[in-house]
Amino acid sequence: MMLREPATYERRLLMRQHSFGILEKLWQIPWLFVLMLCGVAAVGYVALYSAGGGTPDAYASKHALRFGFGLVIMLSLSLVDIRVIARFAWLGYGLGVALLVLVLVHGNIGKGAQRWIDIGPVQLQPSELMKIMLVLGLAAWFHRASWERVGNPLFLIPPALAILVPVALILKQPNLGTALITGMIGATMFWAAGVRWWKFAIGAAGVGFGAPIAYERLHDYQRARITTFLDPESDPLGAGYNIIQSKIALGSGGMWGKGFLQGTQGHLNFLPEKQTDFIFTMIAEEFGLVGALGTLGLLALVIIFAMLTALRCRHQFGRLLALGLGMNFFLYVFVNVAMVTGSIPVGGVPLPLISHGGSAMLTVMMGFGLLGSAYVHRDAEFAAARE
Amino acid sequence: MSTARKEEEARRSVFTRRALLLGAGQLGALGFLGWRLNKLQVEEGERYATLAEENRISARLVAPPRGRVLDREGKVIAGSQLNWRALIVAEDARDVPAVLDTFHRIVPLTETERARIEREVRRRRRFIPVTVREFLTWEEMARIEMNAPDLPGISVDVGTTREYPEKEHLAHVVGYVAPPAEADIGEDPLLELPGIRVGRAGIERFHDKALRGRAGSIRLEVNAVGRVIRELDRREGQPGQDVQISVDSELQRAVRARCEEGTSAVVLDARTGEVLAMATQPSFDPNIFNSGVSSAQWRSWTRNRQTPLINKTTNGLYAPGSTFKMVVALAALEAKVCTPGERVFCPGHYDLGDTRFHCHSRYGHGSLDMRGAIKYSCDVYFYEMAKRIGIDRIAAMGRRFGMGVDLEIELPGTRRGLMPTRDWRTSQGKPWNLGDTVVHGIGQGFYQLTPLSLATMTARLATGRAVQPHLTRSVGGRPVKGVRPEDWPSLGIPERDLRLVREAMWAVVNEEGGTARGARLPGGLGQLAGKTGTTQVRRVSREQRERGFRVESMPREWRPHALFVCFAPYENPQFAVMVIVEHGTSGSGAAAPIGRDIMIDTINRFRQPVSAPPARVADAAPPPGGNQRP
């Protein structure tokens, strides 16, 4: 048994390596997962149909178009060999950082922050793309790391810098929420790669030390977000208005909701930014707790799929990539829903695949393309890690 | 390879452990969100549902149209007049000052008006209309409509305002309306509506609830900035009910035409107690209260010694003088202190101890029975009677005739008056002297009686029933009690006694020597029975009396009041009239002719069936007296 097992393993590997034809790969694409994504996007279509005032013209049809475009990107990326992706991972990371620099110089300003650049018809938020690229870069770094090297603090300095550089650039925009999320994704990658607990403790201490200093340097609107989060009713017409109205909309939805197109908070404009950040509120108002938990469940399935892919992968690169991408998606969902339920400060984080907006949709679908590739090539053999 | 494999396995197992931990953490976090949603949507759902409804729904009250007040002919005496207003919506006007400039060229605006408009435009949201000008004339409206293209955001709409077509003729009866005071609000949410008016006096006040109606409400859906999206539902209010009163506005005008300043007159239907006319001079125009009373106007009213705002028929207090003698006579008969035929000698004065009371006839009437004493209005006879009866029995009889009691007329603020008694005087800490009783026998002294109560006394004398004066014929088409003579109980005074007194009153007018001989009715109108009265407002001193003073030489405000009460036709009394001319000097000279004229007007007015009875109370209310019998 022990002798035969490697033989079958090698054989299967060899077989896969040589028979990776396009048809075989198409067959390997996780269609169930694609179906899930379509389901989430469909929820988004329905919600945006309602947010647009009962017509697809405002947001929903654009949303469908973007999703179709994103799906093409995702499927295409799924077919790209994971090893090729691993090879160009650092290039992607570099591109992400370059775009972040570009947006600081030439970006458009939204809500007091430089956030996006226009690339033809699409607006791109480099910070969204950066999160994917960071996962990619760190996965590539830790893929080649042996157990001992992961234990070596010096080995951890380059990836730590790889996190800090984009985080600093995003903070400079300034976009506190995305910077924090980016940092958390980086930390997750470190942790999944096997970095020791106590090293995190040091990192956390560093953050704890730096936070007050950072708070000093925060913009007023960012501080307002934190203070209004702590007591939203303190400023019911100002910054707290969004949270209060969102909670009213959610709460008034009740168990079964007010019905499709019947959400009063959304349709009478009490709900701010209902087509973007507060789209989940719209769903919860019109479809109640049932609809909200259903949507959350569907999103959870996507996260679970990413986790299963990570566990299933036979190479560290794929594992870290899938886990990081899953974490990225999870953070979108968690931060957005926590935000609209008044559990954490408002942070301008959209609900991926559901919120109106091209940038998040595109980058998330790109990420799922990479995840798809990791799934399709889950058994791919990498060249032996250099010692 | 083996080392690499082992290495790989180690990495994988660490990864698997940590990935599972992370996955568990993620699911836990999502579970937290689920818990949070459950808390918001289910546990606190109702609270938030209420908040969402409060956000969304704006309830507005709709003012019901105020009911009208109609006279007995159904003529509108308090109605609603259309009030054409120009409004501006800032949102549509865009450049509000420019539009107002243009408006000013078409319909001039004063500086204060303009300041108010601009202030309101600033204060309100841009889609809420602001009143530019009220009470537009047809010409102004036409000019605005013609220039509409140059007046973006200006629109003309119509509201209502209270109108009193009879102006000052019925002001004291109908009363007036005014914006509610702070204290009124809270009692009825309707009163919070802008532009709402409540009755402040008279019928408008007494029947305010019925006239006001009940507010309807509209629930509107509004969006986040307060713009109305749609009407959710509408609960119709109850329009105010019409109130028909018994006053005949034509007769009222005629009565007022007979009255000079300082004169008050009341005409009652003696059988039913319905007030047919009630006039006080001077009066005021209640329409002025609609658009707000200027302080100059208010000053001119309050500084006028003739108190135009006060209804003197219900709020003026006077001594009844000789008009009270019938009541004393009846009290004497009831107390059996004399017989009708018993004669009392009048030497022109009456001595009680060392006090001398004078008769108006300086040289005395000689020997008079009761009929003669009333006819000649002999004071000495009634001094003697009063002494025999005692004040309390006189007062009791006075109260039976409706004096010094609450007559429950539908005019808020009506004075009850004072019918003096021994107890009343004691309560003032003063003793009641026999001299007081004697003086009260001729209707002088502490009496404080309203003309309305004297008119009531006359009606009761004429009919023997305890008729109460009232104004309301129907509310919302439902007739009220008291429009039929049988509704009123008998006074319980023997008809024989009443007949005696009535005959004496007939003699006052129709016999040679009667004090109101000049007040006979022209032929064909039946016969009048009445009684004059002259009440001193200032005591005449003995010195003046001996010098043979002339009243005409006194300043006007010292001269006595002139009173006259009468009923007609004598054989079948239908109308009772009371007239008081303040400082008119002499009842027979000043008041009796007016009383006669008013009676002629009244009889003429109701001799022919002038109108069908009120449409909606056709069966219940008989036509006013007289028109059933040709």
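Phe135(B) sits in the loop of chain B that runs between β4 (130-133) and α6 (138-146). In this predicted model, the phi of Phe135(B) is near 50°, a positive value in a residue other than glycine. Most residues other than glycine have a negative phi, and most peptide bonds are trans. Is Phe135(B) buried, exposed or partly exposed? With 14 other C-beta atoms within 10 Å, Phe135(B) counts as partly exposed.

Ser377(B) also deserves a look. Its phi is near 55°, again a positive value in a residue other than glycine. The residue belongs to the loop between α14 (370-375) and α15 (379-389) of chain B. Ser377(B) is buried, because 30 other C-beta atoms lie within 10 Å, and the cut-off for a buried residue is 20 or more.

Chain B holds cis peptide bonds as well. One of them links Gln281(B) to Pro282(B), with omega near -5°. Where does Pro282(B) lie? You will find Pro282(B) in the loop between β12 (275-280) and α11 (295-303) of chain B. Another cis bond leads from Ala568(B) to Pro569(B), with omega near -15°. Pro569(B) is placed in the loop that connects β20 (561-568) with β21 (575-581) of chain B.

Here are the backbone angles side by side.

| Residue or bond | Angle |
|---|---|
| Phe135(B) | phi near 50° |
| Ser377(B) | phi near 55° |
| Gln281(B) to Pro282(B), cis | omega near -5° |
| Ala568(B) to Pro569(B), cis | omega near -15° |

Chain A has 17 helices and three strands. Of the 387 residues in chain A, 51% are buried. Among contacts in chain A between residues at least 6 apart in sequence, 72% join residues at least 24 apart.

Methods:
Residues are numbered from 1 along each chain as its sequence is written. Chains are lettered from A and ligands numbered from 1 in the order in which they are written. This is a predicted model: local features need pLDDT of at least 70, side-chain atom pairs count only at pLDDT 80 or more; totals for chains, interfaces and linings use all residues. Helices (H or I, at least four residues) and strands (E, at least two) are DSSP runs, numbered from the N terminus. A residue is buried if 20 or more other C-beta atoms lie within 10 Å of its own, exposed if 12 or fewer, and partly exposed in between; C-beta atoms are placed from the backbone. Two residues are in contact if their C-beta atoms, placed from the backbone, lie within 7 Å.
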